Amino acid sequence: AEKHAGVSCVTASMDDIQFEEAARVGQVITIKAKVNRAFKTSMEVGIKVTVQDVLTDVEKIVSVAYATYVAKPVGAGKIELEPVKLLSTEDHLEHSLAIERRRIRLGYEQVFQSLMQESNNEGDYCDTFEEEGAVSTDLTHVQSIELVQPPHANHHGNTFGGQIMAWMETVASISASRLCRSYPVLKSVNMFKFWGPSVVGDRLVFNAIVNNTFQNSVEVGVRVEAYNCEEWIKNRARHINSAFLIFNAVNDNGELLTLPRIKP
């Protein structure tokens, strides 16, 4: 992203990330990234992760993801980006798909805003929910706090997006395990959004809770809030990240487990 923009860039969001394979200790990871399309002041970067087993020499795709970056301005104004030079058939295809992914992403936000508005208008309906064997979501709530230190940040002092995602996965995994009582396996990360930056010295508070179950999978919502020293004393949080993580639960034989329903 910085190579295309010629200046520093910050991550704005990540489209849905699907995990096809698990990468394990001793395997070789290859990460390839390129800018697919520039949208005036933002750009889409495609990221492909593959894993190679050193014993069998077999290479498999771990994940394909699409990140949206914005150029970090030197002054107050935004930086307009140059169009991407398309050199291959694959470049042209990804260039066309990028605009569709952007349209879907913006559509997601509109749908969720409408649903939130409808939910607020309907009022509290949780007390009417009854289902035998349903597990209360209160039992799945997990909170953790992390202090951002220099190894967690880039050369601007901003926290690595990947570091935040790793912390989010940890707290979400604990939340999911409280419901399924087994070891959950991460299958996808949806609507990973950066609402604002965090920097070295910030305290990051992670709150995770199970939102719903779907027979063999569970969705965990994670919200991240940041505090500097003054904000921590005054209890004034900055909402910096949100995401929805989907897990499968498996037994010792790797078989999918059926999950109980939850009571919101």
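Tutor: Happy to! Keep in mind that this is a predicted model. Let's begin with the overall layout and then work down to single residues.

Student: How far apart are the C-alpha centres of domain 1 and domain 2?

Tutor: The protein is divided into domain 1, residues 1-111, and domain 2, residues 133-263. Domain 1 gives 15 residues to the contact and domain 2 gives 13 residues. Between the C-alpha centres of domain 1 and domain 2, the distance is 22 Å.

Student: Which residues of domain 1 lose the most area to domain 2?

Tutor: Start with the total: domain 1 and domain 2 bury about 1,200 Å² between them, with 51% of that on carbon and sulfur atoms. On the domain 1 side, three residues together account for 35% of what that side buries. They are M14, I17 and F19.

Student: How many salt bridges does the rule find across the interface of domain 1 and domain 2?

Tutor: To count, a side-chain nitrogen of Lys or Arg must be within 4 Å of a carboxyl oxygen of Asp or Glu. Applied across the interface of domain 1 and domain 2, the rule finds a count of zero.

Student: Is strand 4 largely enclosed or largely open?

Tutor: Strand 4 covers residues 42-52, which is 11 residues. A residue is buried when its relative accessible area is under 20%. Eight of the 11 residues of strand 4 are buried, so the rest of the structure leaves strand 4 largely enclosed.

Student: In the hairpin of strand 3 and strand 4, which turn residue has a positive phi?

Tutor: Strand 3, residues 28-39, pairs with strand 4 in the antiparallel sense over 11 bridges. Within this pairing, A38 is opposite M43 of strand 4. Two residues separate the strands of the hairpin, and the turn residue with a positive phi, about 65°, is K40.

Student: Which residue takes a positive phi in the hairpin of strand 4 and strand 5?

Tutor: Strand 4 and strand 5, residues 59-71, run antiparallel and are joined by 11 bridges. V49 has S63 of strand 5 as its bridge partner, while T50 is partnered with I61. This hairpin has six residues between the strands, and the residue with a positive phi near 65° is D57.

Student: Which residue of strand 5 stands opposite F19?

Tutor: Two bridges join strand 2, residues 17-19, to strand 5, and the two run antiparallel. Strand 5 also pairs with strand 1, residues 9-14, in the antiparallel sense over five bridges, and there C9 is opposite A71. For F19, the residue opposite in strand 5 is S63.

Student: Is N158 buried or exposed?

Tutor: N158 sits in the loop between strand 7 and helix 3. Beyond its neighbours within four places in sequence, N158 is in contact with V10, K72, H152, A153, P197, S198 and V199. Its relative accessibility is 13%, so N158 counts as buried.

Definitions and conventions. Residues are numbered from 1 along each chain as its sequence is written. This is a predicted model: local features need pLDDT of at least 70, side-chain atom pairs count only at pLDDT 80 or more; totals for chains, interfaces and linings use all residues. Side-chain values use heavy atoms; hydrogens and water are left out. Buried means under 20% relative accessible area, exposed over 50%, partly exposed in between (1.4 Å probe, protein chains only). Helices (H or I, at least four residues) and strands (E, at least two) are DSSP runs, numbered from the N terminus. Two strands pair if DSSP finds at least two bridges between them. Contact means heavy atoms within 4.5 Å. Domain bounds come from an automatic or database domain assignment. Buried area is the accessible area (1.4 Å probe) that two parts lose on being put together, summed over both.
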